[in-house]
Structures are given as C-alpha cells and as structure tokens.
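Subject: Structure handover and helix packing notes

Dear colleague,

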Amino acid sequence: MRWQVYVNKKWVDEDHSETAKKLENTRGVSDVVTFYANVVGIVRVVLVLAATLTIYLDSPASTATLLLVSTLLDWVDGPLARKYNQTTIFGAGLDWFADLLGQMLTMTWWTLLDPSVLPWQFVLMSLEIALCMVEFTMTATGRYPCRPRDGFDGDFYRVLNWMNPGAGTWTRFGTFLWLSFPVCSLGWCLHLSWRHAQLHPLTNALVLASRWGLVVPSMLYFWGELAQLCFFLSNWREQ
C-alpha cells in the first residue's frame, strides 16, 4: 500500500520504510468495528435507516420511536469507549455520522410534512454539519483548543458555560438542551402527521408539550452550537 503525506503544503509520496514503521502499531476498520461503542454506533445507523422505511410506510409512531432510540443511544457509546479503553478516530467519525444521519432524516421528515420550515431547517443543518466537520478534524489531529479555566467571557459565549464547560464534558442542563431539539422536532412531526386524527388526551398532551415546551431550550442549544463553532474557528491553528 502506497501512502501520501502532506508536507510543505503539498501531497508527496511517503518513504516506504517510514510508512512500514508507522503502520506497525496501527489498526484497520476490521480491528475496531466490533468495539462495543462502534457496535452501538452501527445500531444507531441501522435504526435511522429503518426509520426511513417507516416514513415511506406512513407509520409516524414507529418513525419517532426509532429516531428517539437512536438519539438516546448517543449517551451510551462514549462511556462504553472510555470504560473499555476503546476510543478510536473511526468511532468518533461513526458517532458523528449517526448524529447527522438522524438529524437529517428528522429534518427531512418535518420538511415533507411542512415545506415552509425548509429555510431555517437548512440553516440549522448547515451549522450542525460545519461543527461536526471541525470537531472531527480536531479529533483526527488530536489538537483541541483549551477552554478558559474560569469560563468564557461575554454574553455570546455564556450558554457554553451553562452546557459545555470543557472538552467532552456536559452539565445536566447542557444534556437537557442537547436532547430538547430532537424531541421538539419529533413532537412537531407527530403533530403534523396526526393533525386530523383523534388522539388520546395523554398522547395529545405529550405531543403538545414537546412541540412548544422545548422551543426555547432548542434555541439555546443552537446558540451554544454556534458559540462553540465560533470558538473553535477563532482558535484554529495549522502548519
């Protein structure tokens, strides 16, 4: 296998002897794909693909359930990887891929039901994709900008102090904000899918609460995402 490396702002063939030395202690996809966290990531992707089928079959409850389970499993893969010392760059990429896949399908479903939401859905999805690309790049290079020890200054970054005070750390409030947008989105999708149906009062109350009760937390979540992206880009360094 020939490899190229980026040197002096151009791609050049790497010396074969140097490549062999570097590859001695590396692992391929077949070595890490069965790690517990990566299996969870694959399950998350499969759940989203299954949800795609249920949209076609017009089964809103099944779609929402599959997407919600896929989202909740995002709580599992990180702790598993750290507990069993199975953190990998492949796993990080798989995790973000599952995140984006679920969000894109949810936004697509919502847009199919109500095309008027397309403009702001596009803006929010663009923000998520940009942040995932930047974070994965930093993970792959192993260089993360350090957060200020005493928190961020200024109102724009205030929400980051509330939800994500350090790399890889989330407060309970931050976790609530992170979960609010997918639940709010699914609530709206169910409302639009069932708008002509007679629902049980409890079901109707839950859908109503998820639609309107989580609008402000969802906005705060994306405010935090934008602030985090700005922080990463303002501290971007490369040779």
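Contact here means heavy atoms within 4.5 Å. Helices (H or I, at least four residues) are DSSP runs, numbered from the N terminus. This is a predicted model, in which local features need pLDDT of at least 70, side-chain atom pairs count only at pLDDT 80 or more, and totals for chains, interfaces and linings use all residues. Residues are numbered from 1 along each chain as its sequence is written, and side-chain values use heavy atoms, with hydrogens and water left out.

H4 and H5

In helix H4, Ser 70, Thr 71 and Leu 72 meet Asp 74, Trp 75 and Val 76 of H5. H4 covers residues 60–72, and its axis comes within 4 Å of that of H5, crossing at roughly 25°. Axes are lines fitted to C-alpha atoms, for helices over the stretch in contact, and angles run from 0 to 180 degrees between N-to-C directions. H4 is therefore roughly parallel to H5 (angles under 35 degrees count as roughly parallel, over 145 as roughly antiparallel, 65 to 115 as roughly perpendicular and the rest as oblique). By class, this contact has 3 nonpolar, 2 polar and 1 charged residues. Ala, Val, Leu, Ile, Met, Phe, Trp, Tyr, Cys and Pro count as nonpolar, Asp, Glu, Lys and Arg as charged, and the others, Gly among them, as polar.

H3 and H5

H5 (residues 74–83) also packs with H3 (residues 36–56), at an angle of about 165° and with the axes 8 Å apart. These two helices are therefore roughly antiparallel. From H3, the contact takes in Tyr 36, Ala 37, Val 40 and Arg 44; from H5, Asp 74, Val 76, Asp 77, Leu 80 and Ala 81. Its residues are 6 nonpolar and 3 charged, with no polar ones.

H9 (residues 172–193) has 22 residues and spans 31 Å from first C-alpha to last, close to the 32 Å expected (1.5 Å times one less than the number of residues). H9 bends by about 30° at Ser 180, with Pro 182 following within four residues. The bend is the angle between axes fitted to the seven residues ending at a residue and the seven starting there.

The axes of H9 and H11 (residues 215–234) come within 8 Å and cross at roughly 115°, which means that H9 is roughly perpendicular to H11. Ser 180 is also one of the H9 residues that meet H11. The contact of H9 with H11 has 11 nonpolar and 2 polar residues, and no charged ones.

Regards
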